[in-house]
Amino acid sequence: MLRPGTGRAPARRPAAQRSGGVRGSIARHPGRESPRRPPAMGLRESPYSSRVLGGLDTTARALLFPGYWLASQVLALQRCTGEKPGCAPHWLEVAVRGPLLVLLLLLYSPVSLLALLLWLPLQAARRPFAYQHTPGRAPPEDWALPGPARTLGLLSANVCLLPEGLAKFSNLWRTQWRARHIGQSLARAAQRSTPHGPSAAPNGLPIPHGLLGPPASVLSPLRGDVALPLIEVVGAVGAVAGVSSSPREISVCFPPNLDILCLQEVFDPRASAQLCRFLGPRFEHIIYDVGTYGLQGCSALKLLNSGLFLASRYPLLAVEFQCYPNAAGEDALSAKGLLCVQVQLAACQGRRVVGYLNCTHLQATEADGPIRYEQLSHSLHWAQLFQDRHAQPGDVVAFDIFCGDLNFDSCSPGDAMEQGHEIFSHYTDPCRLGPRQDKPWAIGTLLNSVYIYDEAVATPENLKRTLENPEERRKYLAGPLQPHGSANFSATGSEGRRIDYILYRQHSGLEHLKTTVEKVFFFTQLATCSDHLPVGLQLRVSSEVEPEESPGSISMEAPTATCSWTDEPGMGSCPGPLPGAGARESRARDAVTAQGWQGSPSKLQVLERSPTPGSAEGGRELVRGDRRGDSEFSAQVPGPLDRPLLSALLGRTA
């Protein structure tokens, strides 16, 4: 690992001096040797240390591509349910194109074989990932601790960007179009600061049948250095507005405050290049083409990479990849494994404020529970070794995430082995109560691929409405597995297979930060682009003790919001969120009561709940506002108040 901006690797310190928070809490598995420590390396962009080797790899890949494309086109002769019938019958197209493609593939096979013989030896010198850095962000800023909390937005998604022929087995097609659409959707969300209305296809791209343009609306932004835990805020607002206190949000679109993206099944190299092109301007650090090819580091010949893809707004301090040694079946052709990343969020009095990300994609075959169980054990072991290697004295750990497509759920009898794995005693699943028991608000993330082009789920808005209906969503979410691994299509009480996870764990020690879940997202923006629902997690990272805030500590210049208006007290709505500041966590736990319009329909006064239970009098004034015209309302905030809470209050009382 290199220090940012230097070419020297820090000397390894004794184990007793390392800080890992949970170091030593994970048992070392008997009979399993620790993987060889990778050599110290900087995050150069090319996976090769030599330009000559990089050039040879580029040449070999260029020679391999025609054979790769022809083989994919042969497999793509099958139809998916979203394709419109062509002018000629499908059987005629197969009869004409099939023999021609096979003939061309056979004629080109000698060139493919020579290119393969050139490419395979090069993999011994290849680092197992490529890195893209788009300069533009300032060095990590200072973070005074104890100090105000910060929010962190993460997304994990299986985007099914396989070669065209393999994508058809998941009832998906147009891999390159889907890659552009996914990249543009994430990039557009990252650059938004205000909601947008309906728009056409991005950059004028034609929209094939069954694939969609951007959604009609987006989430309101929740940016800023200080935010409240939304689990508690939602509960407080729910007491006022009568809404559910669930932290779940099924969202039509990606929010603008995503900091880190962890994607799976980005197997196709051209699709990976599309994602890098669109995400690069918004995410300065990208890890792609992750995995070991050939016979390097794994037990079988690897023709595909791991499919893992990571994009981060924060600088990357260290990156490692470990390939699973026990893949089976078709998964043995891909280099599935664990990607471990250390990021730097900020600096605090000369110390690094760091976070750890572990992204993976486990064995896919339903009946391979023992293989997945062992892969989880490898992952837990490797993640701890990575943290032990790269932690430095004085590091402040802000978060530790384990995410990806784990290919097992909490509802299937066939997944009983993985459901009881020890990883759930080290990492917290915000959607899980225990083995075979999710929280009531959790839903499945694996769609029934047969029906993904049905009208009820073919647009982000329709998919959201369907998922919010318990009866409807059971038709379109994949059902639980039987003990022998086959699907149980007759199950009616299941909320679907939730196989995509974002787990987190709290590091012990006074020097480390506290991680609190604010919101759990299930996104529908990729309707018809994947057979998985992307999942998101919004975390609040804070010190155990935060400084007191006073009304005069934050400059507020009469923030305004445009609200709908009626002349009756208590009517109307305000879109929010208003610009504002954070409040103490203790304030969020207090339910608040909006006293509504005081005096006349032209004025609003929102009061804190009385500190005395049962008292009819309101407490400190939180918001005061006046009518300014027929449809504008000016709200003055005399002291700190969380933006989502303020928006919700105005939405009910303005």
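Predicted model: local features only at pLDDT ≥ 70, side-chain atom pairs only at ≥ 80, totals over all residues.
The relative accessibility of Trp119 is 5%; because residues under 20% relative accessible area are classed as buried, Trp119 counts as buried. Beyond its neighbours within four places in sequence, Trp119 is in contact with Asp57, Ala60, Arg61 and Leu64, and also with Tyr293, Gly294 and Lys302.

Trp119 also illustrates how positions separated in sequence come together in space. Leu56 and Trp119 are 63 residues apart in sequence, while their C-alpha atoms are 7.9 Å apart.

## Helix 2

Helix 2 spans residues 90-122 and has 33 residues. The C-alpha atoms at its ends are only 42 Å apart, which falls short of the 48 Å that a straight helix would reach at 1.5 Å a residue. A bend of about 45 degrees occurs in helix 2 at Ser109. A proline, Pro110, follows this position within four residues.

The buried residues of helix 2 are Gly98, Leu101, Tyr108, Ser112, Ala115, Trp119 and Leu122. These buried residues of helix 2 pack against helix 1, which covers residues 51-75. According to an unreviewed UniProt entry, residues 100-122 carry the annotation "transmembrane region". Over residues 100-122 the model is 100% helix and 0% strand, with the end C-alpha atoms 33 Å apart.

Eight strands make up an open sheet with mixed pairing, in the order 1-5-6-4-2-15-14-3. Strand 1 (130-133) and strand 3 (248-251) are the edge strands, each pairing on one side only. With direction ignored, neighbouring strands of this sheet are turned against each other by 20 degrees on average.

Strand 4 (residues 260-266) and strand 6 (residues 309-312) run antiparallel and are joined by four bridges; Ile260 stands opposite Ser312 in strand 6. Strand 2 pairs with strand 4 in the parallel sense over six bridges, and Ser156 has Cys262 in strand 4 as its bridge partner. Strand 2 (residues 150-161) is joined to strand 15 by seven bridges in an antiparallel arrangement, with Leu154 opposite Leu537 in strand 15. Strand 14 (residues 514-523) likewise runs antiparallel to strand 15, and eight bridges connect the two; the partner of Val517 in strand 15 is Leu539.

Which strands of the eight-stranded sheet are largely enclosed by the rest of the structure? Strand 15 (residues 535-542) is one of them, because eight of its eight residues are buried. Strand 4 is another: seven of its seven residues are buried, so strand 4 is largely enclosed by the rest of the structure.

In strand 15, burial extends to both faces. Val535, Leu537, Leu539 and Val541 point one way, Gly536, Gln538, Arg540 and Ser542 point the other way, and all are buried.

At one end of the order, strand 10 (residues 396-405) pairs with strand 13 in the antiparallel sense over five bridges. Asp405 stands opposite Asp500 in strand 13.

## The chain as a whole

The chain contains 13 helices and 19 strands. Of its 654 residues, 55% are buried. Among contacts between residues at least 6 apart in sequence, 75% join residues at least 24 apart.

How values were computed
Residues numbered from 1 in each chain as written. Heavy atoms only, no water. Pairing = 2+ DSSP bridges. Axes fitted to C-alpha atoms, helices over the stretch in contact; angles between N-to-C directions. Expected span 1.5 Å × (residues − 1). Bend = angle between axes of the 7 residues up to and from the residue. Buried < 20%, exposed > 50% of the residue type's maximum accessible area, 1.4 Å probe, protein only. Contact = heavy atoms within 4.5 Å. UniProt positions renumbered as here; feature names shortened; annotations may be inferred.
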